[in-house]
Amino acid sequence: MDTGEDFDSSKETIILLHGSGQSHVVWSLTTQYLTDQNKNVFAIDFPGHGNSEGESLKSIEEMAEWINKFVLELGIEDLTLVGHSQGCLVALEYVNKFSSKLKNLIFVAGS
């Protein structure tokens with residue numbers, strides 16, 4: 001889910017990563033707030049979750065690679081990742097493999 005705003009490469013981009021068995025819906029209020037702060041905000045469903053199609057990804061590594069494809073496709077250069085629960089593991093794997101575009105890493109209720 002995005003906020004309906006056009007992507008602006010001059011703005012900071014925040015990608016919100018949901019936990020296992022969840023969807024972008026958990027980020028509804030957060031998305032509204034961050035959009036009002038003049039950020040590009042994406043609360044996306046991993047494949048097989050929420051409103052997305054396709055088979056669920058089988059590993060944290062696959063999820064991090066899927067996020068990287070999303071980042072590359074949009075041409076995001078100034079990125080903050082916010083992960084909740086399992087999303088924290090995905091964000092940690094992302095920073096391990098693809099840290100060059102990452103500005104901030106935020107964990108919410110990680111274990």
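Contact here means heavy atoms within 4.5 Å.

Before that, the ground rules. This is a predicted model, where local features need pLDDT of at least 70, side-chain atom pairs count only at pLDDT 80 or more, and totals for chains, interfaces and linings use all residues. Residues are numbered from 1 along each chain as its sequence is written, and side-chain values use heavy atoms, with hydrogens and water left out. Helices (H or I, at least four residues) and strands (E, at least two) are DSSP runs, numbered from the N terminus.

So, H18. Find it in the loop between β1 (13-17) and α1 (28-36). Is H18 buried or exposed? It is buried, at a relative accessible area of 1%. For the cut-offs: buried is under 20% relative accessible area, exposed is over 50%, and partly exposed is in between, with a 1.4 Å probe and protein chains only. Beyond its neighbours within four places in sequence, H18 has contacts that include W27, D45, H49, H84 and Q86. Its side chain also reaches the backbone nitrogen of F46, at 3.1 Å.

Next, helix α3, residues 86-97. The end C-alpha atoms are 17 Å apart, which agrees. Which residues of α3 are buried? They are Q86, G87, C88, V90, A91, E93 and Y94. The cover over them includes β1, α2 (60-74), β3 (79-84) and β4.

Now salt bridges. The term means a side-chain nitrogen of Lys or Arg within 4 Å of a carboxyl oxygen of Asp or Glu. How many are there in the whole structure? The search finds five.

Stay on α3 for one of them. K97 pairs with E93, with the closest N and O atoms 3.4 Å apart. Both sit in α3, four residues apart, about one turn of the helix. An α-helix has 3.6 residues a turn, so residues three or four places apart point the same way. E93 is buried at 14%, while K97 is partly exposed at 37%. E65 joins E93 and K97 in a network of salt bridges.

Another one: E12 and K39, 3.1 Å from N to O. This pair links distant parts of the chain, 27 residues apart. E12 is in the segment before β1, and K39 is in the loop between α1 and β2. E12 counts as buried at 15%. K39 counts as partly exposed at 24%.

Then K58 with E55, where the closest N and O atoms are 2.3 Å apart. K58 is exposed, at 62%. E55 is exposed too, at 58%.

Two backbone points. N38, in the loop between α1 and β2 (40-44), has phi near 65 degrees, a positive value in a residue other than glycine. N38 is partly exposed at 49%. S85, in the loop between β3 and α3, has a positive phi near 55 degrees, and it is not a glycine either. S85 is partly exposed at 33%.

Last, the surface. L92, L105 and F107 form a nonpolar patch with about 260 Å² of accessible area together. Patches take residues with over 30% relative accessible area and no salt bridge; like charges are joined within 9 Å, and nonpolar side chains (Val, Leu, Ile, Met, Phe, Trp, Tyr) within 5 Å. Areas come from the Shrake-Rupley method with a 1.4 Å probe; for residues, only the protein chains shown count as cover. F107 lies in strand β4, residues 102-108, and is partly exposed at 43%.

Key
A polar contact is a pair of N or O atoms within 3.5 Å; within protein, one must be able to donate a hydrogen and the other to accept it, and residues adjacent in sequence count only if both atoms are side-chain atoms. The expected span of a helix is 1.5 Å times one less than its number of residues.
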